[in-house]
Amino acid sequence: MTNQTNSEPDKLLFLTCFIAIVTTAFGFILRAIVLPDWGVDFNLTQTQLGEISGVGLWPFAISIVLFSLVVDKIGYKTSLGFAFICHVASVILTVSADGYSTLYLATFIGAIGNGIVEAVANPVVATMFSKEKTKWLNMLHAGWPGGLVLGGIMALLMGADVKWEYKIALTLIPTLVYGIMMLRRKFPINERVQAGVSYKEMLQEVGAVGALVIVSIVVFQLGEVFAWALWLNVAIIMLITLLFGLYTRSFGQPLFVILLVIMIPLAVTELGTDSWITDLMTPAMSQIGLQAGWVLVYTSAIMFVLRLFAGPIIHKVSPLGLLAICSLVAAVGLFFLSQSVGIMILVAATIYGFGKAFFWPTMLGVVAERFPKGGALTLNIIGGLGMIAAGVIGAGIIGFVQDSSIEKGIREYDMAQNTELSQKYITDEKTSVFGDYRALDQQKLSNASEAEIETITEVQHQSKKEALQYIVIFPLLMFVSYLALIFYFKRKGGYVAVALTEHDDN
């Protein structure tokens, strides 16, 4: 079989994949910008808004894993065409939404499309640029912050008075572009298939333990959505893991399982925070006369530039060394964001932007370089796990922390001032994956007096900053993990990419 990885890469195909990634970012940034509008228009709690943010992420894991299992069979072009349909349908449903349920469904469909985009784009680019995977995956994923910047600027320049429906419709611009571009492109055969590595051998790279990790998170999230009993969740997880283990007769590559676990705090640090950053920074940014969305646009612009020029940096610093440095910088940036006021917010945002710049694509690069036999599956499982971790843990827990902190702050104010604000403006007990909570009732709050609104707003401001402080622990965990891996590879002679040659049956 001719090895297509040695032929000249199709730069227009790369650009098609790049714009498809841009489309996923448009949906993310535009949803983040209009999230406060949805809260007011549809009387949603912070936790409900967090759940909508979350469903923009966790279905990604389902689609990216499922399509990674079959994408080599049904074809990359067919898969990308299905993603196009999902993106168009998501926009139409969102702009015609009448409440929480419709918004949730529309965001779910968009997330499925996003997962398919990455299930296609990651292995296609890794195959086309098999000798420089980390460099080109960083360049591919420059499309994510690039889309955040472009979509964010377009929406913010429309102004706060323009209806949110028009802002969401902007997603159709890159969607139509990649949909048209892909029609005349010829997609390559994955390097795993070219090398003659069997489907079963690909699954063996993940193994029973790897399957246990990804299946557990997916099933527990589905169990939360469909209200499955705990015993049913456990039974499904054990059955799938057992069948997978019996078929593959492999526990999986230990390093791959470790990388799966590290991907959880990485995703929470980057995407979980980005889901909420506009809302979290609204109080502080309004004090200096700027829309909070500019924080996300600004940090994304930093990521875009750094990822485009990742090549020289990666040549000087190993991928694991780069990830360790970025983890520490991100922790510092998040801490300063939680403490900063005035113009210092932009300084803290700069530090955070530098920190998170290389996280996602460099982790994909490490997996692609170390586990080429895993083909599309290992490469996309790591991304899928990251998205579901950001959706389930990151976006949800920040909303939960805010609601809980607001309730606590208002109750403490009531005790100190002998008032009854909590009885008037706090909802009945609600349930989430993180436990029971009470939240502000936005509808009742709209009828509050000016003095009451001012008091409650001040409590809200403080709770939003407290939420960011909780996130700092995640990049610190990553830093320790990457240091451990660096020492591990140093003992083995250093980190090197695994070259996938013609398959040897011996």
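This is a predicted model: local features need pLDDT of at least 70, side-chain atom pairs count only at pLDDT 80 or more; totals for chains, interfaces and linings use all residues.
Reader: What is the distance between the end C-alpha atoms of H1?
Author: Helix H1 covers residues 11-41, which makes 31 residues. At 1.5 Å a residue, H1 should span 45 Å. The value in the model agrees with that: 44 Å.

Reader: Where does H1 bend?
Author: The bend is about 45°. A proline, proline 36, follows the bend within four residues. The bend is at valine 34.

Reader: How many residues of H1 are buried?
Author: Buried means under 20% relative accessible area. H1 has 31 residues and is mostly covered. The buried count is 23.

Reader: Which residue with a positive phi follows H1?
Author: Its phi is near 50°. The residue is an asparagine. It is asparagine 43.

Reader: Is valine 120 buried or exposed?
Author: Valine 120 sits in helix H5, residues 100-128. Beyond its sequence neighbours up to four places away, valine 120 touches Val71, Tyr76, Ser79, Leu80 and Phe187. Its relative accessible area is 1%, and the cut-off is under 20%. So valine 120 is buried.

Reader: How far apart in space are valine 120 and valine 366?
Author: In sequence, valine 120 and valine 366 are 246 residues apart. The spatial value runs from C-alpha to C-alpha. That value is 18 Å.

Reader: How many disulfides does the count come to?
Author: A disulfide needs two cysteine sulfur atoms within 2.5 Å. By this rule, the count is zero.

Reader: Which cysteine has the sulfur nearest to that of cysteine 86?
Author: Cysteine 86 is in no disulfide. Cysteine 86 is buried, at 7% relative accessibility. The nearest cysteine sulfur is 17 Å away and belongs to cysteine 17.

Reader: Which backbone oxygen does the side chain of arginine 192 reach at 2.9 Å?
Author: Arginine 192 lies in helix H10, residues 191-194. It counts as buried, at 5% relative accessibility. Its side chain also reaches the backbone oxygen of serine 198, at 3.5 Å. The oxygen at 2.9 Å is that of valine 197.

Reader: Which leucine does arginine 192 touch, not counting residues up to four places away in sequence?
Author: Its contacts include Asp72, Tyr199, Met202 and Pro372. Lys373, Gly374 and Gly375 are also among them.

How values were computed. Residues are numbered from 1 along each chain as its sequence is written. Side-chain values use heavy atoms; hydrogens and water are left out. Helices (H or I, at least four residues) and strands (E, at least two) are DSSP runs, numbered from the N terminus. Buried means under 20% relative accessible area, exposed over 50%, partly exposed in between (1.4 Å probe, protein chains only). Contact means heavy atoms within 4.5 Å. The expected span of a helix is 1.5 Å times one less than its number of residues. The bend at a residue is the angle between axes fitted to the seven residues ending there and the seven starting there. A polar contact is a pair of N or O atoms within 3.5 Å; within protein, one must be able to donate a hydrogen and the other to accept it, and residues adjacent in sequence count only if both atoms are side-chain atoms.
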